[in-house]
Amino acid sequence: MQYVILFFTWLFTTPWALALLIIAACAVCLRLWYVAVKTKYIGHCLYERAFSSDGAFAGEEFTLTETVTNPTLVPLFFVNYEFFMPEGLTVDGVYCSSYSKKASVFHLLPRSTVKKVHTVYSDNRGYYKIENAAVVYRKTYYELECSAEIHVYPDCSRLNFDMDSDIYRAGEIISRRRIPEDPFCFAGIREYRPGDALRSINFKASAHSFVNGVRTLMTNEYESSRNYDTMILLDSVSYSENGFSPEESKEVYESALDAACYLFCRTVECGGRVGFATNSPTKNNQSTVVPCGSGAAQNKEILECFAEMSYYSQRSYSFDALIKAALPKSPRGIDFYFICTYVSDQLAETISLFRSAGYNIYVLNTTDGKNG
């Protein structure tokens, strides 16, 4: 007790020690005040997040942007927002598995807005949705409703089996040789490419065209007289029906989607209309039939179907029934592509029946790569 009395006597009689004590007391009070103020106002911050686009192809990078606004007059430091990323996405170089927990820390000045951008990509197609976020501080927990979603489409450049180049029209040179371009349907002027006909060179445009200070040849481009309208029908069969193991069946299923996406992209690039039908359930429907058409909304709907289709879902009805329901409602002057794992006797009979009625049908077999 004597030493305690001596210590406090020394503390209050020494000027610099007393000043140090006052500063420490002020720091503790300020800390307690800031904790109380931060606890009160941290829930007033506005939190938003969004992906840079509605969809992207597998392997393409996109961004996730988090935006936090502090509308108060109090600076808020170390504001921690937590959320779970769905499995299959890679965020800032870190792969997310089994809904990985992510945290973002923000330092917010009064009446300021801070953005944080994350680089994201996925090698696997799918529908990815980030659910609610939460701001956590000490024992304070605020849950925020701010979901963000993105569709990752199949890789249209990846094919695990060979197809005839003329079937999916990758061989544009073959198509040009057999079906000429219409010289009366002028589409525009572009730079000369090796293989362009000499009669298509536009010499007047070439005289005024420069690329990096060098004069370049320009050619006239015409619309092809070929009809590129396409209807894609995809069969979804479980491994118990096709005789494969679950791993092999999933690989075949993804190969079929890659082929369907490739056909879709090539048709759109050629300026044709495209439709899609499948007996596989998607997010909102037991089956999907998108009539042949064109436009941004049409293309987005089909691509989202590619992303939402699940290998684990059982098909709603047979492929034969899908064909009989979709083909009579489709225009006659288009190409039909049937993507399936095998052709049963009943399916072969249905195809023969529609071919005899004037329908132009190609069959793509994803198990052995044969088509016809």
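These legends describe close-up views of a predicted model.

**View 1. The whole chain in numbers.** The chain's secondary structure comes to 9 helices and 21 strands. Of its 372 residues, 44% are buried. Take the contacts between residues at least 6 apart in sequence: 70% of them join residues at least 24 apart. The chain exposes about 20,600 Å². Carbon and sulfur atoms supply 56% of that area. The salt bridges number 7.

View 2. Val 274, Phe 276 and Thr 278 point one way. Gly 275 and Ala 277 point the other way. Strand S17 (residues 230-234) pairs with S18 in the parallel sense, over 5 bridges. Here Thr 230 stands opposite Val 274. Strand S19 (residues 288-293) pairs with S18 in the antiparallel sense, over 4 bridges. In that pairing, Val 289 of S19 is the bridge partner of Ala 277.

**View 3. The salt bridge between Asp 229 and Arg 273.** The closest N and O atoms of this pair are 3.1 Å apart. Asp 229 lies in the loop between strand S16 (218-224) and S17, and Arg 273 in the loop between helix H6 (246-269) and S18, so the bridge ties together parts that are 44 residues apart in sequence. Asp 229 is buried, at 11% relative accessibility. Arg 273 is partly exposed, at 32%.

View 4. Glu 269 forms a salt bridge with Arg 266, with the closest N and O atoms 2.6 Å apart. Both residues lie in H6, 3 residues apart, about one turn of the helix. Glu 269 is exposed, at 56% relative accessibility. Arg 266 is buried, with a relative accessible area of 18%.

View 5. The side chains of Asp 320 and Lys 324 meet in a salt bridge of 3.2 Å, N to O. Both lie in H8 (residues 319-326), 4 residues apart, about one turn of the helix. Asp 320 is buried, with a relative accessible area of 9%. Lys 324 is partly exposed, at 47% relative accessibility.

**View 6. Helix H7.** H7 runs over residues 296-308. At 1.5 Å a residue, its 13 residues should span 18 Å, and the end C-alpha atoms are 18 Å apart, which agrees. Its buried residues include Ile 302, Leu 303, Cys 305 and Phe 306. Glu 304 and Glu 308 are also among them.

**View 7. An open sheet of 5 strands.** The strand order is S1-S3-S8-S5-S6, with antiparallel pairing. S1 (46-51) and S6 (94-95) stand at the edges with a single partner strand each, so one side of each is left without a neighbour in the sheet. S5 (residues 90-91) joins S8 (residues 112-121) through 2 bridges. Thr 90 stands opposite Tyr 121 in S8. Thr 67 lies in S3 (residues 61-70). Thr 67 is buried, at 15% relative accessible area. Beyond its sequence neighbours up to four places away, Thr 67 touches Leu 46, Tyr 47, Glu 48, Thr 113, Val 114 and Lys 115.

**View 8. A nonpolar surface patch.** Phe 77, Phe 78, Val 105 and Leu 109 make a patch of about 380 Å². Val 105 is found in strand S7 (residues 100-108). Val 105 is partly exposed, at 38% relative accessible area.

Terms used
Residues numbered from 1 in each chain as written. Predicted model: local features only at pLDDT ≥ 70, side-chain atom pairs only at ≥ 80, totals over all residues. Heavy atoms only, no water. Patch = residues over 30% accessible without salt bridge, like charges linked within 9 Å, V, L, I, M, F, W, Y side chains within 5 Å. Areas by Shrake-Rupley, 256 points an atom, 1.4 Å probe, with all protein chains shown as cover. Salt bridge = Lys/Arg side-chain N within 4 Å of Asp/Glu carboxyl O. Buried < 20%, exposed > 50% of the residue type's maximum accessible area, 1.4 Å probe, protein only. Pairing = 2+ DSSP bridges. Expected span 1.5 Å × (residues − 1). Contact = heavy atoms within 4.5 Å.
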